[in-house]
Amino acid sequence: MMTTIQVTDATFNKDVLQSEQPVLVDFWAPWCGPCRLLSPELEKLAKELSGKVKIAKINVDQDKKMAAKYQVRGIPHMKLFHKGKDIATSVGYKPAAELKKWIDQQL
């Protein structure tokens, strides 16, 4: 069973941009209440979409470079990457079912 993966500024290129699979990246921080609510939803999604879509998390307090590069202003901020391209953005908490529907619409 796949679970969410932790990425950093240093691993972002390899784990996200060079991934064969689409990757949903959650830009988050430990002090963010909606981010903490979103975390178990992303774990559910990671298991449900295992083998189809990778779910990655990047802490914006520790890894500021990617957050700045992708103009993350508010969190939770999710970006969907496919074939190295940023193809969609979702800001704010959403339950797993709503996120899955959003991902399906983008791919």
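**Ring contacts, sheet and nonpolar cores in a predicted model**

Lys 57 lies over the face of Trp 28, 4.8 Å from the ring centre; a charge is taken to sit over a ring if NZ of Lys or CZ of Arg is within 6 Å of the ring centre and within 35 degrees of the ring normal. The model is predicted, so local features need pLDDT of at least 70 and side-chain atom pairs count only at pLDDT 80 or more, whereas totals for chains, interfaces and linings use all residues. Residues are numbered from 1 along each chain as its sequence is written, and side-chain values use heavy atoms, with hydrogens and water left out.

The whole structure contains 3 aromatic pairs (rings of Phe, Tyr and Trp, the last by its six-membered ring, with centres within 6.5 Å; planes under 30 degrees apart count as stacked, over 60 as edge-to-face and the rest as tilted). Phe 12 and Tyr 70 form a tilted pair, with ring centres 5.6 Å apart and planes at 35°. Phe 12 lies in helix α1 (residues 12–17) and Tyr 70 in the loop between α3 (64–69) and β4 (77–82), so this pair ties together parts that are 58 residues apart in sequence. Helices (H or I, at least four residues) and strands (E, at least two) are DSSP runs numbered from the N terminus. Phe 12 also pairs with Phe 81, in an edge-to-face arrangement with 5.6 Å centre to centre and 85° between the planes. Ring pairs join Phe 12, Tyr 70 and Phe 81 into a cluster. Phe 12 and Tyr 70 are both buried, as is Phe 81 (buried, under 20% relative accessible area; exposed, over 50%; partly exposed in between; 1.4 Å probe, protein chains only).

Phe 12, Tyr 70 and Phe 81 are also among the residues with the most contacts inside the largest nonpolar core, which has 16 residues. A nonpolar core is a set of buried Ala, Val, Leu, Ile, Met, Phe, Trp, Tyr and Cys residues joined through side-chain atoms within 4.5 Å. At least two residues of this core come from each of α1, β2, β3 (54–59) and α3. Val 16, another of the residues with the most contacts in the core, is in contact (heavy atoms within 4.5 Å) with Val 7, Thr 11, Val 23, Val 25 and Phe 81, leaving aside neighbours within four places in sequence. A second, separate core has 15 residues, including Val 53, Ile 55, Leu 99 and Ile 103.

The 5 strands form an open sheet with mixed pairing, in the order β1-β3-β2-β4-β5; two strands pair if DSSP finds at least two bridges between them. β1 (5–6) and β5 (85–91) are at the edges with a single partner strand each, so one side of each has no neighbour in the sheet. The pairing of β4 with β5 is antiparallel and spans 6 bridges. Leu 80 is opposite Ala 88 in β5.

The UniProt record, an unreviewed entry, places the feature "active site" at Cys 32 and Cys 35; UniProt positions are given in the numbering used here, feature names are shortened, and annotations may be inferred rather than shown by experiment. Cys 32 is in the loop between β2 (23–28) and α2 (33–48), whereas Cys 35 is in helix α2. Cys 32 is buried, at 4% relative accessible area, and Cys 35 is buried at 1% relative accessibility. With neighbours within four places in sequence left aside, Cys 32 is in contact with Ile 75 and Pro 76.
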